[in-house]
Amino acid sequence: MRNVKFFGSIPATRSKFGSHYGEKIFELEGELYREWTPWRSKLSAMLMKNYKVEFLGNEKILYLGAASGTTVSHLADIVDEGFIYAVEYSAKPFKKLLELAKNRQNIIPIFGDASKPWEYSGIVEKVDLLYQDISQRNQVEILKMNSDFFLKKKGRILMMVKAKSVDSTLESSEVFSKVLEELYKKFFILSTDTLEPYHKDHIFVYGVKD
Ligand SMILES: C[S@@+](CC[C@H](N)C(=O)[O-])C[C@H]1O[C@@H](n2cnc3c(N)ncnc32)[C@H](O)[C@@H]1O
């Protein structure tokens, strides 16, 4: 993946910025790298499991469920010539996300509810990648809505799903099958897998808008 190197078995992103959440900083040939552990970020967990998500570096990304910006900060290192609209609706993590965005030109923080995309449609333009990590019961519906509003044709989706958040009464495998069944109707799925052993009871789904 662009701007990513492995230090031993752990990935790190090349960065002009310091530590955001206490992650270690490595130096290699005069450049700084921020440790990106798979236990803190589901995208890093995908990388550890050898799944490829390619970036040119100039992508526009809409990120739903940015929290305090752990994964957003690494994505911002990766798309250093693009930018990320980072949506979060909880005030506490949003405060930390704002601090991150103060130092970085390519993060646009949006204090908003991902289930109401029309409320930020005046700010967000068409994007190349829609990333969603919101642990919500209706997260497929929310993904589809945001895709209709903002995702370019042939744009990509990357969705993180926690079974218990979608339906705590069903077996995880049943929840994942239902989610995938819905997604297949609208997207071409490139890859999907569990995020074990880094994130229990989670899958990722990576696809393209048909
Ligand atoms: C699992 S955490 C995200 C972690 C983050 N993606 C990372 O890797 O650094 C889920 C986040 O989604 C946020 N969230 C859940 N539902 C949301 C919604 N409808 N709109 C905006 N944010 C939402 C939660 O407040 C929480 O901060």
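P197 sits in the loop between β10 (187–194) and β11, strands being DSSP runs of E with at least two residues, numbered from the N terminus. The peptide bond that leads from E196 to P197 is cis, with omega near 5°. This is a predicted model, in which local features need pLDDT of at least 70 and side-chain atom pairs count only at pLDDT 80 or more, while totals for chains, interfaces and linings use all residues. Residues are numbered from 1 along each chain as its sequence is written, and side-chain values use heavy atoms, with hydrogens and water left out.

Two further backbone features concern phi. N3, in the segment before β1 (4–7), has a positive phi of about 60° although it is not a glycine. E29, in the loop between β3 (25–28) and β4 (31–35), has a positive phi of about 50° and is not a glycine either. N3 is buried, with a relative accessible area of 13%, whereas E29 is exposed, at 76%. Buried means under 20% relative accessible area, exposed over 50% and partly exposed in between, for a 1.4 Å probe and protein chains only.

Next comes the interior. A nonpolar core is a set of buried Ala, Val, Leu, Ile, Met, Phe, Trp, Tyr and Cys residues joined through side-chain atoms within 4.5 Å. The largest such core has 32 residues, of which I84 and L158 touch the most other members. Among the elements that each supply at least two residues of this core are β6 (83–88), β9 (151–162) and β11 (202–209). Apart from this core lies another, of 30 residues, including L130, V140, M159 and I203.

Methods
Helices (H or I, at least four residues) and strands (E, at least two) are DSSP runs, numbered from the N terminus.
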